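Please study the sequence together with the structure shown below. The paragraphs that follow lead through selected parts of the fold.

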Amino acid sequence: MTRSERGPEGRPALSRCIRVSADEFAERFWGHEPLLSTADELAYGFDDLFSAAAVDELITRRGVRTPFIRMAHEGTVLAASAYTASGGFGAEVADQVSSDKVLAEFAGGATIVLQGLHRLWPAIIDFTRELVDDLGHPAQVNAYVTPPSSQGFDPHYDTHDVFVLQIAGEKHWRIHAPVIVDPLRSQPWDDHRAAVARAATHEPVIDVVLRPGDALYLPRGWIHSATALGATSVHLTVGMSAYTRADIVDALVGQVGDNAALRASLPLGLDLRDAEALAPIVEQTVQALIETLRHTDASRPAAILGSRFDAATRAEPVAPLATLEALATLDASTPVRWRESLSVRVTTVEDRVRIVARTKTLSLPVEAEQAVRRLATGDVVTAGELPGLDAESAVVVVRRLVREGFVVAPA
């Protein structure tokens with residue numbers, strides 16, 4: 001099994017966010033209870049990921065558009081026109097961020113939300129990809145920039161797990177136990193607004209001021225609110241969209257078409273509003289479903305969930321210009337490695353070795369199998385070091401893998 005086919009080992013991105021071991025976190029905290037980790041308990045802070053200066057750069061120089069930015073004041077999301085405008089000559093896009101408007105709203109107490117930083121900011125792009133590798137669930141990263149003594153949003157819960165990483169300033173967090181445990185996306189907090197508001201009046205489970213370098217993990221459903229203190233607060237919220245057993249059920253239910261009894265039409269003239277008339281059919285349907293599921297295995301759910309995961313996550317980006325330049329000079333001594341976070345299956349069919357990724361399949365002569373599997377371990381190697389091929393053939397194989405986006409030549 002290659003590195004691209006197995007789970008994470010050291011979990012380095014996760015470890016920098018938690019004060020306990022990765023194993024203890026997985027067993028005790030993940031999906032169960034919050035975890036507060038102070039800067040003193042962590043190996044190092046988060047200054048390398050983001051900063052207040054990065055906020056200003058994104059707002060003033062990057063031409064950020066909605067929905068990558070939004071603003072909220074006292075729990076109400078502002079209309080995009082309150083903080084965006086046309087980019088002007090040569091960039092006549094109506095919803096680009098306006099630094100003047102942002103300043104006016106921010107000075108008036110509005111919170112800036114920079115969304116999708118896992119697609120915008122280089123350090124966060126890499127960190128998010130590594131964290132996804134560690135946890136095995138898709139992730140996104142937003143930044144919340146709150147002016148002094150302001151609260152961005154009312155007490156609420158999320159339908160995804162979050163890591164809060166404090167970047168600058170201080171923020172007072174109050175955490176309350178869930179009113180609905182492990183809510184799904186179809187169970188948002190505003191459907192339980194009154195219960196959430198009541199719960200927020202009780203004694204909090206956690207009442208803490210986060211300072212730069214502190215981290216807080218919250219499972220989905222845990223109620224939270226936060227207020228900036230004496231200076232502008234900047235924190236990152238890493239949202240983890242955890243797959244659930246309900247997702248497995250959805251994948252299993254997709255097999256109902258395999259059972260002829262479940263495909264059969266309901267009786268002619270049946271009153272679907274009559275529970276008594278429907279009851280025996282429901283019982284028969286349940287039994288047919290049980291019979292279908294009794295003969296199932298994990299292969300179909302694995303294929304469905306694996307496809308969803310691959311579609312929701314991103315491998316290491318490839319640089320088109322640098323890649324073509326590397327190809328022009330690539331030889332047997334050029335260091336190369338497998339593209340990080342690229343999920344593939346390597347199989348052998350007769351006289352071909354196949355590399356199967358989500359968006360493409362590459363077929364090579366079976367003589368390249370050992371070389372492909374060596375590369376797929378993730379180690380940095382040269383073409384001349386690859387097993388099973390002479391140097392000239394190895395260079396040809398590596399060139400093809402680089403050109404197809406499976407292998408990269410590190411800068």
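Does Ser341 count as buried, exposed or partly exposed? With a relative accessibility of 25%, Ser341 counts as partly exposed, where buried means under 20% relative accessible area, exposed over 50% and partly exposed in between, for a 1.4 Å probe and protein chains only. This is a predicted model, in which local features need pLDDT of at least 70 and side-chain atom pairs count only at pLDDT 80 or more, while totals for chains, interfaces and linings use all residues. Residues are numbered from 1 along each chain as its sequence is written, and side-chain values use heavy atoms, with hydrogens and water left out.

Ser341 is found in the loop between strand S14 (335-338) and S15; helices (H or I, at least four residues) and strands (E, at least two) are DSSP runs numbered from the N terminus. Although Ser341 is not a glycine, its phi is positive, at about 65°. Most residues other than glycine have a negative phi, and most peptide bonds are trans. Another positive phi belongs to Glu350, near 55°. Glu350 sits in the loop between S15 and S16 and is exposed, with a relative accessible area of 73%.

Strand S15 (residues 345-349) and strand S16 (residues 352-356) run antiparallel and are joined by five bridges; two strands pair if DSSP finds at least two bridges between them. Thr347 has Arg354 in S16 as its bridge partner. The hairpin of S15 and S16 has two residues between the strands, and Glu350 takes its positive phi there. S16 is also joined by five bridges to strand S17 (residues 361-365), again in an antiparallel arrangement.

Elsewhere in the chain, eight strands form an open antiparallel sheet in the order S1-S11-S8-S13-S7-S6-S2-S3. Its edge strands are strand S1 (35-37) and S3, each of which pairs on one side only. Strands of a sheet pair through backbone hydrogen bonds, either parallel or antiparallel. Within this sheet, S8 pairs with strand S11 (residues 215-218) in the antiparallel sense over four bridges, and Val162 has Leu218 in S11 as its bridge partner. Helix H4 (residues 99-107) packs on the sheet and touches S2, S6 and S7, with its direction at about 25° to that of S2. In this description, contact means heavy atoms within 4.5 Å; axes are lines fitted to C-alpha atoms, for helices over the stretch in contact, and angles run from 0 to 180 degrees between N-to-C directions.

Strand S2 (residues 69-73) pairs with strand S6 (residues 111-114) in the antiparallel sense over four bridges, and Ile69 has Leu114 in S6 as its bridge partner. Two residues lie between S2 and S3 in their hairpin, and Glu74 in the turn has a positive phi of about 50°. In the loop between helix H3 (52-61) and S2 lies Pro67. The peptide bond from Thr66 to Pro67 is cis, with omega near 5°.

Three further strands form an open antiparallel sheet in the order S10-S9-S12. Strand S10 (206-210) and strand S12 (223-228) are its edges, each pairing on one side only. Neighbouring strands of this sheet are turned by 15° against each other on average, direction ignored. Six bridges join strand S9 (residues 171-176) to S12, and Lys171 stands opposite Ala228 in S12.

The second largest pocket has a volume of about 480 Å³. On a 1 Å grid over the protein atoms alone, a pocket is an open set of points where a 1.4 Å probe fits, with protein on both sides within 12 Å along at least five of seven lines, and lining residues have an atom within 4 Å of a point. Grid points are joined across faces, edges and corners, and the volume is the space filled by probe spheres set on the points. Of the 25 lining residues, the closest to the centre are Tyr144, Phe153, His156, Asp158 and His224. S7 gives the most to this lining, with four residues.
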